[in-house]
Amino acid sequence: MQAGFPVLDLEALRQAEVKTDPYVYLHGTGVVRPEMIAAVQASFPDIRTTGFHPVEDYAPHGAFGELIDELRGEALNEVLSDKFGIDFTALPQLITIRKLSAAHEGRIHTDGDKKVMSLLIYLNDAWDSPAGRFRVLRGKDDFDDYAAEVPPETGAFVAFLRADNSWHGHTPFVGERRVVQVAWLRSQEDVDRKRRTHGVLGALKRIWARPAGTA
(Lines give C-alpha, C1' and ligand atoms only; values in the text may rest on other atoms or scores of the structure.)
Protein backbone atom coordinates (compact mmCIF):
# COMPACT_ATOMS: atom_id res chain seq x y z
CA MET A 1 0.00 0.00 0.00
CA GLN A 2 1.38 3.39 -0.98
CA ALA A 3 0.91 6.39 1.31
CA GLY A 4 -1.84 8.59 0.01
CA PHE A 5 -3.31 5.88 -2.23
CA PRO A 6 -7.10 6.41 -2.25
CA VAL A 7 -9.24 4.02 -0.25
CA LEU A 8 -12.64 5.18 -1.44
CA ASP A 9 -13.93 4.67 -4.96
CA LEU A 10 -16.22 7.69 -5.23
CA GLU A 11 -17.38 6.56 -8.65
CA ALA A 12 -19.50 3.93 -6.87
CA LEU A 13 -21.39 6.75 -5.17
CA ARG A 14 -21.64 8.77 -8.38
CA GLN A 15 -23.20 5.85 -10.20
CA ALA A 16 -25.70 4.97 -7.45
CA GLU A 17 -29.31 5.83 -8.22
CA VAL A 18 -31.06 8.23 -5.84
CA LYS A 19 -34.45 6.78 -4.92
CA THR A 20 -37.38 8.59 -3.34
CA ASP A 21 -39.68 5.77 -2.23
CA PRO A 22 -40.32 5.64 0.70
CA TYR A 23 -37.80 8.42 1.37
CA VAL A 24 -34.64 9.78 -0.26
CA TYR A 25 -31.75 7.29 -0.28
CA LEU A 26 -29.17 5.51 -2.39
CA HIS A 27 -27.21 2.32 -1.93
CA GLY A 28 -24.68 0.18 -3.73
CA THR A 29 -21.40 -1.69 -3.49
CA GLY A 30 -17.76 -1.13 -4.35
CA VAL A 31 -17.10 2.11 -2.45
CA VAL A 32 -13.89 0.62 -0.97
CA ARG A 33 -11.24 -0.12 -3.57
CA PRO A 34 -10.61 -3.90 -3.74
CA GLU A 35 -6.85 -3.54 -3.38
CA MET A 36 -7.37 -1.64 -0.09
CA ILE A 37 -9.85 -3.97 1.61
CA ALA A 38 -7.34 -6.17 3.44
CA ALA A 39 -5.37 -3.20 4.77
CA VAL A 40 -8.51 -1.38 5.93
CA GLN A 41 -9.82 -4.46 7.72
CA ALA A 42 -6.44 -5.12 9.34
CA SER A 43 -6.24 -1.60 10.77
CA PHE A 44 -9.87 -1.40 11.95
CA PRO A 45 -9.85 -0.44 15.67
CA ASP A 46 -10.02 -3.18 18.28
CA ILE A 47 -13.33 -2.22 19.90
CA ARG A 48 -14.35 -4.41 22.83
CA THR A 49 -17.85 -3.05 23.54
CA THR A 50 -21.05 -2.96 21.49
CA GLY A 51 -22.64 0.08 19.86
CA PHE A 52 -21.30 3.06 17.94
CA HIS A 53 -18.24 4.95 19.19
CA PRO A 54 -16.72 8.29 18.06
CA VAL A 55 -13.84 7.42 15.76
CA GLU A 56 -11.54 9.88 17.55
CA ASP A 57 -11.62 7.63 20.63
CA TYR A 58 -9.52 5.05 18.76
CA ALA A 59 -6.80 7.14 17.06
CA PRO A 60 -7.41 5.76 13.56
CA HIS A 61 -4.22 4.81 11.72
CA GLY A 62 -2.99 2.96 8.65
CA ALA A 63 -5.41 2.33 5.79
CA PHE A 64 -8.37 2.75 8.13
CA GLY A 65 -7.04 6.16 9.12
CA GLU A 66 -6.77 7.07 5.45
CA LEU A 67 -10.37 6.00 4.96
CA ILE A 68 -11.47 8.32 7.77
CA ASP A 69 -9.45 11.19 6.27
CA GLU A 70 -11.19 10.67 2.92
CA LEU A 71 -14.60 10.57 4.57
CA ARG A 72 -13.81 14.00 6.03
CA GLY A 73 -12.59 15.36 2.71
CA GLU A 74 -14.14 17.78 0.28
CA ALA A 75 -14.39 15.23 -2.55
CA LEU A 76 -16.95 13.10 -0.70
CA ASN A 77 -18.98 16.14 0.32
CA GLU A 78 -19.04 17.34 -3.28
CA VAL A 79 -20.24 14.00 -4.63
CA LEU A 80 -23.02 13.73 -2.06
CA SER A 81 -24.00 17.39 -2.49
CA ASP A 82 -24.42 16.73 -6.20
CA LYS A 83 -26.43 13.55 -5.62
CA PHE A 84 -28.82 14.94 -3.01
CA GLY A 85 -28.95 18.63 -3.89
CA ILE A 86 -27.80 19.77 -0.43
CA ASP A 87 -24.56 21.58 0.36
CA PHE A 88 -22.95 19.13 2.76
CA THR A 89 -19.72 21.14 2.79
CA ALA A 90 -21.55 23.62 5.04
CA LEU A 91 -22.60 20.98 7.60
CA PRO A 92 -20.49 19.51 10.44
CA GLN A 93 -19.78 15.78 10.49
CA LEU A 94 -19.81 13.16 13.20
CA ILE A 95 -18.08 9.87 12.36
CA THR A 96 -18.77 6.85 14.54
CA ILE A 97 -17.72 3.23 14.20
CA ARG A 98 -19.04 -0.12 15.34
CA LYS A 99 -17.38 -3.50 15.53
CA LEU A 100 -19.68 -5.50 17.83
CA SER A 101 -23.45 -5.66 17.63
CA ALA A 102 -25.84 -6.66 20.43
CA ALA A 103 -29.26 -8.25 20.06
CA HIS A 104 -31.14 -5.07 20.96
CA GLU A 105 -29.32 -2.87 18.42
CA GLY A 106 -30.64 -2.09 14.96
CA ARG A 107 -34.24 -1.58 16.06
CA ILE A 108 -36.51 0.36 13.70
CA HIS A 109 -36.09 4.15 14.03
CA THR A 110 -35.89 7.35 11.97
CA ASP A 111 -32.92 9.18 13.64
CA GLY A 112 -33.30 12.48 15.47
CA ASP A 113 -34.22 15.71 13.69
CA LYS A 114 -30.77 17.22 14.36
CA LYS A 115 -29.38 14.85 11.73
CA VAL A 116 -29.54 15.80 8.03
CA MET A 117 -28.07 12.68 6.41
CA SER A 118 -26.28 9.46 7.25
CA LEU A 119 -23.81 7.42 5.19
CA LEU A 120 -23.05 3.86 6.29
CA ILE A 121 -20.07 1.97 4.89
CA TYR A 122 -19.64 -1.70 5.77
CA LEU A 123 -16.33 -3.52 6.26
CA ASN A 124 -17.15 -7.19 6.81
CA ASP A 125 -16.28 -10.27 4.77
CA ALA A 126 -18.92 -11.87 2.54
CA TRP A 127 -22.24 -11.85 4.35
CA ASP A 128 -24.58 -14.77 3.69
CA SER A 129 -26.62 -14.57 6.89
CA PRO A 130 -30.15 -13.08 6.80
CA ALA A 131 -29.28 -11.41 10.12
CA GLY A 132 -27.65 -8.00 10.42
CA ARG A 133 -28.86 -6.62 7.07
CA PHE A 134 -29.75 -2.94 6.82
CA ARG A 135 -33.26 -2.32 5.54
CA VAL A 136 -34.95 0.78 4.11
CA LEU A 137 -38.37 0.36 5.67
CA ARG A 138 -41.82 1.60 4.69
CA GLY A 139 -43.04 1.89 8.26
CA LYS A 140 -42.18 1.56 11.93
CA ASP A 141 -43.70 -1.82 12.70
CA ASP A 142 -42.57 -4.42 10.18
CA PHE A 143 -39.02 -5.46 9.27
CA ASP A 144 -40.41 -7.44 6.35
CA ASP A 145 -42.01 -4.40 4.68
CA TYR A 146 -38.88 -2.93 3.08
CA ALA A 147 -37.91 -1.13 -0.12
CA ALA A 148 -34.23 -2.12 -0.10
CA GLU A 149 -31.85 -4.36 1.80
CA VAL A 150 -28.09 -3.89 2.15
CA PRO A 151 -25.88 -6.78 3.35
CA PRO A 152 -23.02 -5.44 5.52
CA GLU A 153 -20.20 -6.78 3.36
CA THR A 154 -17.08 -4.75 2.63
CA GLY A 155 -17.71 -1.92 0.20
CA ALA A 156 -21.49 -1.95 0.57
CA PHE A 157 -22.98 1.44 1.43
CA VAL A 158 -26.25 3.23 2.02
CA ALA A 159 -26.91 6.96 2.38
CA PHE A 160 -30.25 8.54 3.24
CA LEU A 161 -31.74 11.88 4.16
CA ARG A 162 -33.30 11.99 7.58
CA ALA A 163 -37.08 12.51 7.49
CA ASP A 164 -40.05 11.86 9.73
CA ASN A 165 -40.63 8.66 7.73
CA SER A 166 -37.00 7.58 7.25
CA TRP A 167 -37.63 4.29 9.04
CA HIS A 168 -34.64 1.95 8.96
CA GLY A 169 -32.80 -0.64 10.99
CA HIS A 170 -31.11 -3.98 10.63
CA THR A 171 -32.32 -7.45 11.35
CA PRO A 172 -31.14 -8.67 14.79
CA PHE A 173 -27.54 -9.85 14.96
CA VAL A 174 -25.10 -10.64 17.75
CA GLY A 175 -21.38 -10.58 17.02
CA GLU A 176 -18.87 -8.79 14.82
CA ARG A 177 -20.46 -6.41 12.32
CA ARG A 178 -18.08 -3.65 11.24
CA VAL A 179 -19.52 -0.37 10.02
CA VAL A 180 -18.49 3.26 9.70
CA GLN A 181 -21.26 5.84 10.02
CA VAL A 182 -20.85 9.41 8.79
CA ALA A 183 -23.59 11.76 9.97
CA TRP A 184 -24.09 15.34 8.82
CA LEU A 185 -25.79 17.40 11.52
CA ARG A 186 -27.41 20.83 11.56
CA SER A 187 -24.88 22.53 13.83
CA GLN A 188 -21.58 22.01 15.63
CA GLU A 189 -23.50 22.22 18.91
CA ASP A 190 -25.49 19.16 17.82
CA VAL A 191 -22.26 17.32 17.01
CA ASP A 192 -20.72 18.23 20.38
CA ARG A 193 -23.86 17.10 22.21
CA LYS A 194 -23.83 13.73 20.46
CA ARG A 195 -20.13 13.26 21.23
CA ARG A 196 -20.80 13.91 24.93
CA THR A 197 -23.65 11.39 24.87
CA HIS A 198 -21.45 8.77 23.17
CA GLY A 199 -18.73 9.48 25.74
CA VAL A 200 -21.03 8.86 28.70
CA LEU A 201 -22.52 5.70 27.17
CA GLY A 202 -19.06 4.42 26.25
CA ALA A 203 -17.80 4.90 29.81
CA LEU A 204 -20.81 3.05 31.20
CA LYS A 205 -20.34 0.17 28.77
CA ARG A 206 -16.67 -0.17 29.74
CA ILE A 207 -17.69 -0.35 33.39
CA TRP A 208 -20.39 -2.93 32.70
CA ALA A 209 -17.95 -5.00 30.63
CA ARG A 210 -15.44 -5.39 33.46
CA PRO A 211 -15.23 -8.85 35.01
CA ALA A 212 -16.62 -9.12 38.54
CA GLY A 213 -14.11 -8.06 41.18
CA THR A 214 -12.10 -5.68 38.96
CA ALA A 215 -11.77 -1.95 39.52
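Colleague: What makes the side chain of S101 and the backbone oxygen of F173 a polar contact?

Modeller: In this predicted model, the backbone oxygen of F173 lies 3.2 Å from a polar atom of the S101 side chain. The cut-off for a polar contact is 3.5 Å, so the pair qualifies.

Colleague: Why is S101 called buried?

Modeller: S101, which is found in strand β3, has 3% relative accessibility. Buried means under 20%, so S101 counts as buried.

Colleague: Which residues does S101 touch, leaving aside those up to four places away in sequence?

Modeller: They are T50, H170, F173, V174, G175 and R177.

Colleague: How do you know that helix α3 is mostly covered?

Modeller: Helix α3 spans residues 62–71, and seven of its ten residues are buried. Those residues are A63, F64, G65, E66, L67, I68 and L71.

Colleague: What do the buried residues of α3 pack against?

Modeller: They pack against α2 (37–42) and α4 (74–84), and also against the strands β3 (93–101), β4 (115–122) and β9 (175–185).

Colleague: How do you know that β5 and β6 pair?

Modeller: Strand β5, residues 134–137, is joined to β6 in the antiparallel sense over four bridges. Two strands pair if there are at least two bridges, so β5 and β6 pair.

Colleague: In the open sheet of three strands, what is the order?

Modeller: The order is β6-β5-β8, with antiparallel pairing.

Colleague: What makes β6 and β8 edge strands?

Modeller: Each of them, β6 (146–150) and β8 (168–170), pairs on one side only. Neighbouring strands of this sheet are turned by 20 degrees against each other on average, direction ignored.

Methods:
Residues are numbered from 1 along each chain as its sequence is written. This is a predicted model: local features need pLDDT of at least 70, side-chain atom pairs count only at pLDDT 80 or more; totals for chains, interfaces and linings use all residues. Side-chain values use heavy atoms; hydrogens and water are left out. Axes are lines fitted to C-alpha atoms, for helices over the stretch in contact, and angles run from 0 to 180 degrees between N-to-C directions. Buried means under 20% relative accessible area, exposed over 50%, partly exposed in between (1.4 Å probe, protein chains only). Contact means heavy atoms within 4.5 Å. A polar contact is a pair of N or O atoms within 3.5 Å; within protein, one must be able to donate a hydrogen and the other to accept it, and residues adjacent in sequence count only if both atoms are side-chain atoms.
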